[in-house]
Amino acid sequence: WEALAELPAPWQCPGKAGRLAPPLPETPRAGLTRAPRSPLILHPASWRRRPIPGKGCQGNGGPASRPTLPAPRAPSDPAPPPGRPLKKGIGERRGGFGSGEDKGARLSARGAVGSRAACCSGLASCSSASLGGSVGRKRFGKDNVILSDIRKPPDHIFHSGPFIYSDILDYKNLREIVVNNRITWLFHYSALLSAVGEANVPLARAVNITGLHNVLDVAAEHNLRLFVPSTIGAFGPTSPRNPTPDLCIQRPRTIYGVSKVHAELMGEYYHYRYGLDFRCLRYPGIISADSQPGGGTTDYAVRIFHDAIKNGKFECNLKSSTRLPMMYIDDCLRATLEVMEAPAESLSMRTYNVNAMSFTPEDLAQELLKHIPEFQITYNVDSVRQAIADSWPMNFDDSNARKDWGWKHDFDLPELVTTMLNSDTRVAQAN
Ligand SMILES: NC(=O)C1=CN([C@@H]2O[C@H](COP(=O)(O)OP(=O)(O)OC[C@H]3O[C@@H](n4cnc5c(N)ncnc54)[C@H](O)[C@@H]3O)[C@@H](O)[C@H]2O)C=CC1
Ligand SMILES: CC(=O)[C@H](N)C(=O)O
């Protein structure tokens, strides 16, 4: 591991346009040196090992012109220490990240000035929307959360705070956003979901795998705290299905699942090898009134509410007995913020299952009938979605999340249905 410390990290190697960091200024001493502080931004790139002549990556610019990586940590090392608190006064902006009361944000600040979080798109198709827009902005202040996507979100999101266009496949642009906006936390939501992924494997491979590589590199290079959601879809037919524990066989049969197992493993690898503060939750199917489903297998559990309110009936594309783990969006967002704000010492793992409830389409229909007595459900099974659902967990064991950082869900099936049908929710408003 000592020897590996002198090798370049992925984001320092040539191969992708704009990937090379600028050469280090000459420093008077050999070994670990500190580059001069910029008056505006102090980020971890300030800490460099001087390159050793003749070592480092070959190609553009020659070895001596390239900075080397932050020292890799041996796999047995403990998790990296939390970042230093922001200097008082500097990062205190509008009560959001870096504010005096905000413990999590202070922990995350890691030497940045005026910390900010960025969400690369978000939950469901009004993506960037749901997560950053709803809770991230409420929690940290609207100007301290920057949302991005390749699609314009609905108006209520678009006008709720900073939103920028960003393609996850454009590494240089990601880097610009992080540096120019002094980003300290990154929530990476861009992905193609299970059903649309099967319909366009090359695109799913690019967005879910290459996009993740870009995010990992930019996060490690700039010492960001990184959240990547995984899913029940990261398990497959050979995993125990009822319940599915955190650690077991993971052999998914969809490109979506394969890309998410890859994300879990790559994030953990970057954590142990480069000290990246990577945190990941395996979400169940997420049910939100705020957004339209994005092409997944669990979409029926969102669509059913829209159709029930609008037409009083619903045609379900999964069999009535298909049991899957599910969660209401508020629980999902709270779990995400809680794991991001948890002290590093409390995390015994970097990827956790989280769960709230588990139901079948029939269970959901029965609960809806209590509110809409004339509601009717029929079944027209989609064979692709059904095969996917049959390979996924029926119930999720999230005891490690509950034990390590105190995860506790608020919404079971009755509360979910009442809330989704409540006149305040967007399902009711949209219909
Ligand atoms: N919705 C759910 O039930 C669950 C979602 N998740 C995870 O949460 C994340 C978000 O899921 P949803 O919002 O439901 O999916 P979605 O399909 O609604 O949103 C994904 C977003 O990614 C954006 N995107 C696609 N290609 C992009 C690119 N090249 N650059 C930038 N953005 C791009 C899309 O425009 C879209 O807005 C995904 O990573 C998914 O795996 C995990 C488990 C359950
Ligand atoms: C559970 C998920 O990851 C998503 N909703 C999908 O069905 O693909």
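Predicted model: local features only at pLDDT ≥ 70, side-chain atom pairs only at ≥ 80, totals over all residues.

Q: How do H6 and H7 pack?
A: Helix H6 covers residues 201–221 and helix H7 covers residues 255–274. They pack at an angle of about 15 degrees, with their axes 10 Å apart. Angles under 35 degrees count as roughly parallel, so H6 and H7 are roughly parallel to each other.

Q: Which hand is the crossing of H6 and H7?
A: Right-handed: that is how H6 passes H7.

Q: Which residues in H6 and H7 meet?
A: From H6, they include Ile 209, Leu 212 and Leu 216. From H7, they include Ala 263, Met 266 and Tyr 270. The contact residues divide into 11 nonpolar, five polar and two charged.

Q: Now the other pair. At what angle do H8 and H10 cross?
A: Roughly 30 degrees, and their axes come within 11 Å. H8 and H10 are therefore roughly parallel to each other. H8 passes H10 in a right-handed crossing.

Q: Which residues make that contact?
A: H8 brings Tyr 300, Ala 301, Ile 304, Phe 305 and Ala 308. H10 brings Pro 361, Leu 364 and Leu 368. That makes eight nonpolar, no polar and no charged.

Q: Switching topic: how many disulfides are there?
A: Zero, from a search of the whole structure.

Q: Is Cys 280 buried or exposed?
A: Cys 280 counts as buried, at 2% relative accessibility. Cys 332 counts as buried at 0%.

Terms used
Residues numbered from 1 in each chain as written. Chains lettered and ligands numbered in written order. Heavy atoms only, no water. Axes fitted to C-alpha atoms, helices over the stretch in contact; angles between N-to-C directions. Helix = DSSP H or I, 4+ residues; strand = E, 2+ residues; numbered from the N terminus. Parallel < 35°, antiparallel > 145°, perpendicular 65-115°, else oblique. Left-handed = near helix turned anticlockwise from the far one by under 90°. Contact = heavy atoms within 4.5 Å. Nonpolar A, V, L, I, M, F, W, Y, C, P; charged D, E, K, R; others polar. Disulfide = S-S within 2.5 Å. Buried < 20%, exposed > 50% of the residue type's maximum accessible area, 1.4 Å probe, protein only.
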